Amino acid sequence: MKSFLNPDSPIMSFFGLIFDFIWLNVLTLLLCLPIITAGASITAMYAGLIRMIRGNDTKLTQHFFHDFKVNFKKSTLLWLIFLAFGIILYLEFGLVRQMKDGTGSLLRIMLLVVAVFILAASSTTFMMQSHFENTVAATLRNGFTLVLARFPIVLISTLIEVFFLYFLFHYPVQMIFLFIGCGFTFPAYLEVLLMNRTLWKLEGKDPDEEKKRLKRGDDSWLQSEK
């Protein structure tokens, strides 16, 4: 029993990770509610997930609000760009929905593909914003490039995100608690987990060496985060 209650035991570490996972999702959701702050909130979430995957971040809340603050301006500009994309696509869907022939069906499929691509690009763009210092234009370009370079990985996390959103809108009562618990963090966690090697390479680091360093318990990378 004593070993089970030990904070450093694998069981307690696992439950601590689950709690951080859920708490990060709640923070992200709450700061997305004003709408205009959604970009900064999602950026802070990605920064937190990278820390969770690469080491034991014991200051999750403090780091979240720090990342939210330092990325607010650029993340908000990026968010407004993707929001504009979303509004345009929504209006286009409304027009195409009125077309009942084969052309309308083809256009709906094309718009759906574009919508999934834009959603995927938004996730990679905010992930890049959370981890690299760059201009808004360069971050946007790198986000779209990363989708093309790692399309299968990004597609998996994006489809999971679409899955959550689809069932949330169709079954809100059944899905609301699941969404509050991991609706944001679960798809993003999978994406960051699969993208971690790519991020290390973009940092100019050897992924295998970084894994060995983490196993040694070296968390000095936390001190070098932006």
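**Close-up 1. Phe82 and Phe126 are both buried in this predicted model.** Phe82 has a relative accessible area of 7%. The ring centres of Phe82 and Phe126 lie 6.0 Å apart and the ring planes meet at 50°, so this pair is tilted. The pair joins distant parts of the chain, as Phe82 belongs to helix H5 and Phe126 to helix H6, 44 residues apart.

**Close-up 2. Phe82 also forms a tilted aromatic pair with Phe85.** Here the distance from centre to centre is 6.2 Å, with 50° between the planes. Both residues lie in helix H5 (residues 72–97); because Phe82 and Phe85 are three residues apart, about one helical turn separates them. Phe85 is partly exposed, with a relative accessible area of 33%, whereas Phe82 is buried.

**Close-up 3. Helix H3 (residues 38–54) crosses helix H6 (residues 102–131) at roughly 70°.** The two axes come within 8 Å. An angle from 65 to 115 degrees counts as roughly perpendicular, and H3 and H6 are therefore roughly perpendicular to each other. Their crossing is right-handed. On the H3 side, the contact is made by Gly39, Ile42, Thr43, Tyr46, Ala47, Ile50 and Arg54; on the H6 side, by Ser123, Phe126, Met127, Gln129, Ser130 and His131. Of the residues in this contact, six are nonpolar, six are polar and one is charged.

**Close-up 4. A cluster of aromatic residues is linked by ring pairs.** The cluster consists of Phe163, Phe164, Tyr166, Phe167, Tyr171 and Phe186. In the model, the count of aromatic pairs comes to 13.

How values were computed. Residues numbered from 1 in each chain as written. Predicted model: local features only at pLDDT ≥ 70, side-chain atom pairs only at ≥ 80, totals over all residues. Heavy atoms only, no water. Axes fitted to C-alpha atoms, helices over the stretch in contact; angles between N-to-C directions. Helix = DSSP H or I, 4+ residues; strand = E, 2+ residues; numbered from the N terminus. Parallel < 35°, antiparallel > 145°, perpendicular 65-115°, else oblique. Left-handed = near helix turned anticlockwise from the far one by under 90°. Contact = heavy atoms within 4.5 Å. Nonpolar A, V, L, I, M, F, W, Y, C, P; charged D, E, K, R; others polar. Phe/Tyr/Trp six-rings, centres within 6.5 Å; stacked < 30°, edge-to-face > 60°. Buried < 20%, exposed > 50% of the residue type's maximum accessible area, 1.4 Å probe, protein only.
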